[in-house]
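Student: I would like to go through this structure and ask what stands behind each label. Shall we begin?

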Amino acid sequence: MRSSRWVPIAGWCVATATSIVLSSVALSPVLNAARADSGELPDIDQLPAPAAVSETSPVPPPPETADPTRTTTKPSPSRTRSSSADPRPTSKSPSASEAPATPTKPVTTTEDGWTVTTSDGVKTYVKSFTTPGGTAVIRMTSKGIVSLVTATPADGYRVEKQGSDVNLAVYFHQTGKSFIIHAQWFNNAPFVEVSEVGS
């Protein structure tokens, strides 16, 4: 009776020992590899307990490690643009001294039969002179310049111009006779003399 009561206990002990041996044999390569990497397996009691993390508190990001290859670049002073160095052109109203001078409107009057036009302080005199030999239109300016505008000879006459731009003579010629219109600026006024030569 006693031997039959210890049979189940002995069987259980044998089964337990067998499972322990099999587990040790199966885990021995893993334990050897871990021991070779760390030198020795740490005691589970010496491991630090994980910190309690609240569900509402955000997890702080890991601190950035200093990368020796990364250099911090500062913006170049030449690329920074201040408000004083704005390249856009600013509109500037011209002052009274920079404003262009407005030309004065010509004024026309009559003096001693001359038609006088005054523009920018300069007077221009124009007058037509008629002789039996032809008609000439003379122009003078207050600067002393004399010029012939037109010269129309009468029938049987021919016209000839002589002199310069300060002393002008217009001739209407016919055989044995000529009419001369002599014009120049004299004594700050236009001066014209008409004469006849021949018979």
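Tutor: Keep in mind that this is a predicted model. Its secondary structure comes to 1 helix and 9 strands. Along the sequence the pattern reads α-β-β-β-β-β-β-β-β-β.

Student: How many aromatic pairs does a search of the whole structure find?

Tutor: The search returns 5 aromatic pairs.

Student: What makes the pair of Trp 114 and Phe 129 edge-to-face?

Tutor: Take the distance, then the angle. The ring centres are 5.7 Å apart, and the cut-off for a pair is 6.5 Å. The planes stand at 65°. Edge-to-face calls for over 60 degrees, so the pair of Trp 114 and Phe 129 is edge-to-face.

Student: Why is this pair said to tie together separate parts?

Tutor: Look at the strands. Trp 114 belongs to strand S2, residues 114-119. Phe 129 belongs to strand S3, residues 122-131. The pair therefore ties together parts that are 15 residues apart in sequence.

Student: Why does Trp 114 count as buried?

Tutor: Its relative accessibility is 6%. Buried means under 20%, so Trp 114 qualifies.

Student: And what relative accessible area makes Phe 129 buried?

Tutor: The value is 11%. That is under the 20% limit, so Phe 129 is buried.

Student: Why are the rings of Tyr 125 and Trp 185 called tilted?

Tutor: Their centres lie 5.6 Å apart, with planes at 55°. Stacked needs under 30 degrees and edge-to-face over 60; the rest is tilted. At 55°, the pair is therefore tilted.

Student: Which parts of the chain does this pair link?

Tutor: Tyr 125 sits in strand S3, and Trp 185 in strand S8, residues 177-186. They are 60 residues apart. Both Tyr 125 and Trp 185 are buried.

Student: Which residues form one aromatic cluster?

Tutor: Trp 114, Tyr 125, Phe 129 and Trp 185 form it together.

Student: Where is Thr 131 found, and how do you know that Thr 131 is buried?

Tutor: Thr 131 is in strand S3. Its relative accessible area is 10%. The cut-off is 20%, so Thr 131 is buried.

Student: What does Thr 131 touch, not counting residues up to four places away in sequence?

Tutor: Phe 172, Phe 179, Ile 181 and Val 194.

Student: What share of the 199 residues is buried?

Tutor: Buried residues make up 14%. The accessible surface of the protein is about 16,100 Å², with 58% belonging to carbon and sulfur atoms.

How values were computed:
Residues numbered from 1 in each chain as written. Predicted model: local features only at pLDDT ≥ 70, side-chain atom pairs only at ≥ 80, totals over all residues. Heavy atoms only, no water. Phe/Tyr/Trp six-rings, centres within 6.5 Å; stacked < 30°, edge-to-face > 60°. Helix = DSSP H or I, 4+ residues; strand = E, 2+ residues; numbered from the N terminus. Buried < 20%, exposed > 50% of the residue type's maximum accessible area, 1.4 Å probe, protein only. Areas by Shrake-Rupley, 256 points an atom, 1.4 Å probe, with all protein chains shown as cover. Contact = heavy atoms within 4.5 Å.
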